[in-house]
Amino acid sequence: MRIPRALTIAGLDSGGGAGITADLKTFHALGVYGMVALTAVTAQNTLGVRAVQEIDPSIVETQINAVAEDIGVDAAKTGMLSSSPIMEAVARAVKRWGFPLVVDPVMYAKSGDPLIRPEAMETLKRVIIPIAKVVTPNAPEASHLAGFRVETLDDARRAAKVIAEELHPEIVIVKGGHLTGNESIDIVYFRDTGEYRELRAPRIDTKNTHGTGCSFSAAIAAGLARGLSPWDAIKLAKELITTAIKYSLPLGHGHGPVNPMAWLELRAYRADVIDEMNKALSMIEENADLIGKYIPEVQSNLGYALPAFYARDLNDVAAIPGRIVRYMGKAKPSGPPTFGVSSHVASYILTAMKYDSEVRSAMNIKYDDRIIEAAKELGYVISSYDRRQEPPEVKAREGASIPWGTEQAIKSVGRVPDIIYHLGDWGKEPEIVVLGKSPVEVVSKLLAVLRRIDEKSRF
Ligand SMILES: Nc1ncnc2c1ncn2[C@@H]1O[C@H](COP(=O)(O)OP(=O)(O)OP(=O)(O)O)[C@@H](O)[C@H]1O
Ligand SMILES: Cc1ncc(COP(=O)(O)O)c(N)n1
């Protein structure tokens, strides 16, 4: 087994959003072991750069040599290289070891503060970009490198070709983060074949994009370290950065940081949700006779949402495709827990989470007075809403009824209750919804109530 190893040659952002911390998060999110050659310490936050201390060029070079000699480097990236001597030192070490290099030609922070000495601009062009396999300028950086303003996709195409031909990197990506349009489009140009390709993703409306360039270039280096082709590494990086921006963090008062760990966390939480759903489904199957009596005409469903930060819409709630049906008197889940298959129960959950982010699970069952009575005796918090009171404008809006009702029920008891019920309306069956932090908690609450009804009926 080979452990892919990547190196970032970049600066420290004390705010943790850009530079080496973004790079290391990205490497590890993509399953690549990360190493660092630090080039500068910046005293920085989401608003700006307060101070810069460059690292001695010989120490930068020795860091690269130390890790390459012992641990090995499958691919590297550069970020902030602020002076000509640092660039010369990096170029020497990179040539010595011969690993593929991704160059993010960092010039200014998101805040507008410079991260490169003016006299080093020429060295960047003459010494660093020519040894790059991939170079990833944003629009302002591409303007500096190509010598004309890059404001449109056409400018980006022209700039990519000029940079490739004049400065000789193998692949140039002119990034579209600073351009406008509903999509963020990056132009990729391959010097050897003269071919253009495009990377497209919906433009996400956020100011929290500190570290996007760092994370994007680190992701390309990680892909190369894993042995992907340059194009596959670039496509992977685009997917990662789009996710990292979608789930970027609203921290600080300026440009908050991107969130490369979202790539990993989403996968981990999805797997967790499915595991917990399966535990609850086993409990349902073990008590299939008892629960079977309370499956409504519309059938039941059990849902569980991702943690609040990641639960954005119905696709972030897992439930049972085809619902939990009554078959030969028994409750029977029709399929394996799957994301995005419920709107009814998922809608209760997403609304409840707005009031209590811990309440991420719910199950609907048939209305029965005895359930409400038993739940009261067990000390559960119960609330209800009246579907007949639903305002016409809510009724007219697709998918608005359940959020409206759930909010009514929550507001009337001042918290998210354990049970919400309604007594129906024309063509709407009455129902009970049990809520809880996890599907195991929801099914446990339900079973406690149903067992109490059973016990009472025996006397
Ligand atoms: N709002 C956005 N929505 C979607 N993708 C975006 C957005 N902003 C940037 N990107 C993408 O993120 C990647 C980085 O692009 P960008 O042009 O922001 O780099 P950058 O300016 O070097 O970043 P930074 O300087 O913040 O490190 C590109 O793939 C770009 O298309
Ligand atoms: C140490 C360091 N390296 C790179 C950047 C660029 O990132 P951004 O343009 O998102 O501020 C930065 N701000 N700080």
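**Figure 1. Packing of helix H5 against helix H6 in the predicted model.** In this predicted model, the axes of helix H5 (residues 139-146) and helix H6 (residues 153-167) come within 9 Å and cross at roughly 50°. H5 and H6 are therefore oblique to each other, and their crossing is left-handed. On the H5 side the contact is made by Ala-139, Ala-142, Leu-145 and Ala-146, which meet Ala-156, Ala-159, Val-162, Ile-163 and Leu-167 of H6. Sorted by class, this contact of H5 with H6 has 9 nonpolar residues, with no polar and no charged residues.

**Figure 2. Surroundings of ligand 1.** The shell around ligand 1 is made up of 24 residues, of which Asn-138, Lys-175, Gly-177, Ser-184 and Gly-213 are the closest. Strand S8 (183-190), helix H7 (212-225) and helix H8 (230-246) are the elements that each give two or more residues to this shell. By class, the residues around ligand 1 comprise 7 nonpolar, 12 polar and 5 charged.

**Figure 3. Packing of helix H1 against helix H7.** Helix H1 (residues 19-29) packs with H7 at an angle of about 40°, and the two axes are 8 Å apart. The two helices, H1 and H7, are therefore oblique to each other, and H1 passes H7 in a right-handed crossing. The residues of H1 that take part are Gly-19, Ala-22, Asp-23, Thr-26 and Phe-27, and they meet Cys-214, Ser-215, Ala-218, Ala-219 and Ala-222 in H7. By class, the contact of H1 with H7 has 6 nonpolar, 3 polar and 1 charged residues.

**Figure 4. Packing of helix H11 against helix H14.** The axes of helix H11 (residues 344-355) and helix H14 (residues 401-413) come within 9 Å of each other and cross at roughly 45°. That angle makes H11 oblique to H14, and the crossing in which H11 passes H14 is right-handed. His-344, Ser-347, Tyr-348, Thr-351, Ala-352 and Tyr-355 of H11 meet Ile-402, Pro-403, Thr-406, Glu-407 and Ile-410 of H14. Taken by class, the contact of H11 with H14 has 6 nonpolar, 4 polar and 1 charged residues.

**Figure 5. Two spans annotated as domains in UniProt.** An unreviewed UniProt entry lists residues 13-259 as "domain: Pyridoxamine kinase/Phosphomethylpyrimidine kinase"; over residues 13-259 the chain is 41% helix and 19% strand, and the end C-alpha atoms are 15 Å apart. The UniProt annotation "domain: Thiamine-phosphate synthase ThiN", likewise from an unreviewed entry, covers residues 276-447. In the model, the span 276-447 is 37% helix and 22% strand, and its end C-alpha atoms lie 17 Å apart.

Conventions. Residues numbered from 1 in each chain as written. Chains lettered and ligands numbered in written order. Predicted model: local features only at pLDDT ≥ 70, side-chain atom pairs only at ≥ 80, totals over all residues. Near = placed C-beta within 6 Å. Helix = DSSP H or I, 4+ residues; strand = E, 2+ residues; numbered from the N terminus. Nonpolar A, V, L, I, M, F, W, Y, C, P; charged D, E, K, R; others polar. UniProt positions renumbered as here; feature names shortened; annotations may be inferred. Axes fitted to C-alpha atoms, helices over the stretch in contact; angles between N-to-C directions. Parallel < 35°, antiparallel > 145°, perpendicular 65-115°, else oblique. Left-handed = near helix turned anticlockwise from the far one by under 90°. Contact = placed C-beta atoms within 7 Å.
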